[in-house]
Amino acid sequence: MASNKNKLAFLSMPAPASYVAGLGRGASGFTTRSDIGPAREGPSAEVIAEAQARRGEEPEIDPEQFQDPDNEYGLFAGTTYEQDDEEADKIYDDVDQKMDSRRRARREARENAELAKHRAERPKIQQQFADLKRGLSVVTDQEWESIPEVGNLTRKKRRKDERTFAVPDSIIVGDRSKSEYENSLDTRQQQANGFETPADTGTMTNFVEIGQARDKILSLKLDQISGTATTSGSATSVDPKGYLTSLNSVVLKTEAEIGDIKRARMLFDSLVKSNPKHAPGWIAAACLEEHAGRMVAARKLIKAGCEQCPKSDDVWLEAARLHNNDDAKVILANAVQHVGQSVKIWLAAADLEQDAKSKKRVLRKALENIPNSVRLWKETVNLEESATDARILLSRAVEVIPLSVELWLALARLETPERAKAVLNKARKSVPTSHEIWIAAGRLLEQGATGDDPDKTTETRNKELELVDKTIELGVRQLRQHQVLLTREQWLKEAERCESDGSPRTCEAIIKATVSMEVEEEDRLDTWVSDAESAEARSMVGTARAVLAYALKVFPDQRNLWRKAADLEKAHGTKESLDGVLSQAVHYCPQAEVLWLMSAKEKWLAGDVPAAREVLEKAFIANPESEQIWLAAVKLEAENGELGVARELLVRARTVADTERIWMKSAVFERQQGQYAAALETVSTALSKFPKFAKLYMVQGQIRQMEKQYSAARASYAAGLKACPKEITLWVLASKLEELDGKSIKARALLEKGRLVNPANEILWAESVGVEERSGGAAQAKAMLARGLQECPSSGLLWSMSIWAEPRPTRKSRSVDALKKSKDNPLITCTVARLFWTERKIEKARQWFSRSVATEQDKDIGDHWGWWLKFERQHGTPEYMEEVIRQCVAAEPHHGPVWQAIAKDDKNVGKSTKELLAMVADALQ
């Protein structure tokens with residue numbers, strides 16, 4: 001017994017704090033009021049603080065209570081939030097915003113760079129498997145079907161969800177009766193002896209009457225659908241021509257649409273009943289019935305609308321639209337009785353007439369009722385075939401409506417030049433606030449000055465054209481006096497409109513009079529340059545030329561401004577205009593070497609070599625120590641066969657200017673003439689003066705290499721690499737020399753050393769890949785290319801090589817990755833164009849070739865022009881080839897591996913861009 005008591009002794013003990021009854025067998029427990037406390041609210045903070053004070057306890061202090069300035073509790077908890085507090089908060093907010101915006105751009109750029117670096121180091125799972133997902137596109141159906149089904153690999157037996165249902169008694173009884181045979185007759189069958197059908201005895205079905213009834217119902221439906229049936233008495237006739245058309249016009253509507261129509265009909269019915277004077281309600285109700293195919297109901301509704309709203313021209317116009325032509329004329333005739341001052345009603349009535357005579361009659365009747373409508377006058381004048389009748393009508397129109405600028409201008413256009421001046425003077429007096437009249441007067445004067453009059457001298461024409469400037473200037477002043485203030489943008493648009501209409505002098509006059517408006521003095525140059533560039537982008541060359549001409553008058557010593565004007569004339573002007581701009585440019589900016597060189601080059605290209613020499617002589621006087629002018633003079637003489645003069649010029653240039661580039665050009669000139677000893681002597685002298693100029697070592701090494709002196713060439717390149725280790729071309733030339741000498745291992749070692757000295761250089765990596773490919777190691781080349789892409793992830797050159805190293809099916813996906821990584825590098829764009837070329841997608845390839853030479857920087861790559869010409873030779877027309885050659889000649893490219901190799905070959909000295917382009921296209925593979 002004692003043991004039993006001890007065994008049950010725990011029942012009298014209190015349960016542990018975390019005990020939940022039944023938790024061991026899966027119960028989750030429950031919550032009672034004793035667990036969550038009483039329903040009453042507990043003591044407040046003040047009561048707790050008072051009790052703690054009585055017990056001598058210190059209240060707990062939150063260490064964070066003074067940290068958040070927005071939560072004002074603690075020291076300032078009981079204060080009132082007043083206006084000065086709000087102002088202080090605003091000041092603090094402004095200070096916080098100012099401090100935050102001080103380095104925001106730099107901070108955001110740093111955060112973006114860190115984010116890009118983080119994503120590059122730890123890419124998303126989606127990016128890691130992007131190439132594998134693209135690889136699924138080449139999986140065949142057989143491979144896809146051969147993938148095994150996903151099975152249960154957990155080795156656990158799963159309980160099958162088997163559910164049973166009770167079968168209803170009706171199914172059991174029905175199945176039982178299926179296999180039984182009937183062995184008794186029905187009561188009705190017994191009455192009819194079991195063989196006759198129990199129908200009405202002696203009654204015959206009349207199928208003729210059924211067919212007639214069906215035809216009658218069908219005809220009634222056709223009458224409702226067509227809307228063109230006419231019923232008289234009991235006869236119904238349908239228009240035979242419109243029968244099939246009306247059947248085709250029937251729109252089958254779903255039940256949802258029919259329900260929507262019914263609800264809308266109820267709403268519109270309620271609307272027109274509650275507010276019968278609301279014209280839009282009648283129009284909407286009629287349109288609903290028209291949409292539902294009930295034309296008769298629509299016409300009835302719009303007729304009721306005309307009766308309820310006779311002063312609304314929209315209701316009358318809708319009624320005319322819903323009826324045929326003849327009925328519409330009657331409706332609009334009634335409409336004129338109620339709304340005779342509505343222009344829309346009269347114009348609609350004129351549109352209903354078929355011949356011009358009837359239209360004129362209606363419009364003249366309208367002008368009797370509404371003589372001050374400009375639109376009616378314009379429509380009436382447009383119907384006149386004779387200029388005399390139109391002039392008479394317009395004369396009457398401007399008398400009735402003297403404030404209409406359109407009518408005045410139309411009348412001036414129909415008059416002779418002398419009478420047009422009188423008309424415009426009258427218009428100017430009638431409407432002194434119209435700028436269109438002043439512009440029309442300027443255009444009229446310009447037409448008179450530039451007309452085909454052989455008796456006019458040049459001085460007379462110039463005086464008349466100056467009158468255009470004075471007229472526009474006077475107009476701008478008069479408009480200001482009448483408080484008409486147009487903005488600069490509005491005047492510029494008017495100038496562009498004049499240029500589009502064939503009045504360039506008026507455009508120029510507007511620019512002269514208004515381009516300096518609303519511009520601060522220190523912002524004038526930038527504003528005018530941007531105006532000229534935006535006008536040129538919109539193909540408004542005259543406007544851009546006028547803006548630049550005015551800017552050059554204000555800033556004649558700005559060489560960049562002259563350069564922009566010269567570029568504009570070169571792109572859109574004539575040779576004479578370009579020559580005039582350059583002559584003025586070198587007069588105002590004699591120290592601008594670029595302008596002298598442009599002037600000399602344009603004269604040389606025009607075939608005027610003496611004039612080009614004269615320009616360079618003047619340039620020598622203004623810039624005696626200019627390296628570019630000396631070299632331009634040497635090039636001019638050399639390409640015109642004056643080799644002795646060119647050599648003398650180089651000697652004088654080395655004495656006067658004495659620059660490293662002149663020494664280098666002197667050595668190159670001697671090498672081109674085959675004077676290798678003189679070239680080497682020149683290079684040696686130059687290296688003693690300029691030991692850090694890398695191109696001198698290149699020239700020396702190339703001359704030694706041409707003479708088959710590989711050890712001397714190697715020594716030249718080694719000296720150059722020691723003096724200029726950052727010069728990439730020197731490393732490449734030294735590597736190619738070793739490869740030419742059959743020492744690929746040494747070439748590989750040189751490039752490795754170059755990559756250590758110049759890390760992350762795409763040219764050295766590309767040359768290393770080329771060495772491996774030429775050595776026959778395809779696997780080593782691919783590994784080298786992968787290493788290069790890791791070090792130069794945005795290199796267009798390496799990505800282009802990577803695309804061509806891929807098999808044909810995966811090149812397209814590789815090109816997508818390249819475009820994303822290299823940010824539309826022109827090399828990648830050209831490679832994509834070549835991919836489209838191999839796939840015979842001609843138009844796409846042409847578009848991508850055009851994109852590869854889109855910007856000014858891209859146009860300088862000659863290899864892209866060569867690929868484009870090679871493509872057009874194979875798939876294009878002669879017109880396409882000529883266009884590519886024309887654009888290439890205008891761009892004058894200088895870079896590209898193949899282009900530079902051909903252009904700098906001594907055999908091709910003096911050849912034009914067109915000839916070089918053809919040679920590059922032949923050499924590309």
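Reply: Before anything else, a cut-off: a residue counts as buried when its relative accessible area is under 20%, as exposed when over 50%, and as partly exposed in between. Keep in mind too that this is a predicted model.

The part I'd pick is helix 47, which covers residues 842-852. Its buried residues are Ala 845, Arg 846, Trp 848, Phe 849 and Ser 852. Looking down the axis of helix 47, those buried residues fall within an arc of 165°, so they line one face of the helix. And what lies over them? The cover includes helix 45 (811-822) and helix 46 (826-838), along with helix 48 (862-875) and helix 49 (878-891).

Now for the wider setting. The protein chain has 51 helices and two strands. Of its 925 residues, 33% count as buried. Taking contacts in the chain with a separation of 6 or more, residues 24 or more positions apart account for 51% of them.

On to the helix pairs. Two packed helices are described by the angle between their axes and the distance between the axes. Take helix 34 (residues 627-639) and helix 35 (residues 643-656): they pack at about 170°, and their axes are 8 Å apart. With angles over 145 degrees counting as roughly antiparallel, helix 34 and helix 35 are therefore roughly antiparallel to each other. Helix 34 brings Trp 630, Ala 633, Val 634, Glu 637 and Ala 638 to the contact, while the residues from helix 35 include Leu 643, Val 645, Leu 649 and Val 656. Sorted by class, this contact has eleven nonpolar residues, two charged ones and no polar ones.

Helix 36 (residues 660-672) and helix 37 (residues 676-689) come within 8 Å, axis to axis, and cross at roughly 170°. That makes helix 36 roughly antiparallel to helix 37, and their crossing is left-handed. From helix 36 the contact takes Trp 663, Ser 666, Ala 667, Glu 670 and Arg 671; from helix 37 it takes several residues, among them Tyr 676, Thr 682, Val 683 and Lys 689.

Helix 43 passes helix 44 in a left-handed crossing. The contact is made by Leu 785, Gly 788 and Leu 789 of helix 43, against Leu 798, Trp 799, Met 801, Ser 802 and Ala 805 of helix 44. That gives six nonpolar residues, two polar ones and no charged ones.

Thr 543 lies in helix 29 (residues 541-554). At a relative accessible area of 1%, Thr 543 is buried. Setting aside residues up to four places away in sequence, Thr 543 touches Ala 495, Glu 496, Glu 499, Cys 507, Ile 511 and Ala 535.

Leu 414, in helix 22 (residues 405-414), is partly exposed, with a relative accessible area of 30%. Apart from neighbours within four places in sequence, Leu 414 is in contact with Ala 387, Ala 390, Arg 391 and Leu 394. For Leu 414 and Leu 394, the separation is 20 residues in sequence and 9.3 Å in space, C-alpha to C-alpha.

Key
Residues numbered from 1 in each chain as written. Predicted model: local features only at pLDDT ≥ 70, side-chain atom pairs only at ≥ 80, totals over all residues. Heavy atoms only, no water. Buried < 20%, exposed > 50% of the residue type's maximum accessible area, 1.4 Å probe, protein only. Helix = DSSP H or I, 4+ residues; strand = E, 2+ residues; numbered from the N terminus. Arc of directions from axis to C-beta. Contact = heavy atoms within 4.5 Å. Axes fitted to C-alpha atoms, helices over the stretch in contact; angles between N-to-C directions. Parallel < 35°, antiparallel > 145°, perpendicular 65-115°, else oblique. Nonpolar A, V, L, I, M, F, W, Y, C, P; charged D, E, K, R; others polar. Left-handed = near helix turned anticlockwise from the far one by under 90°.
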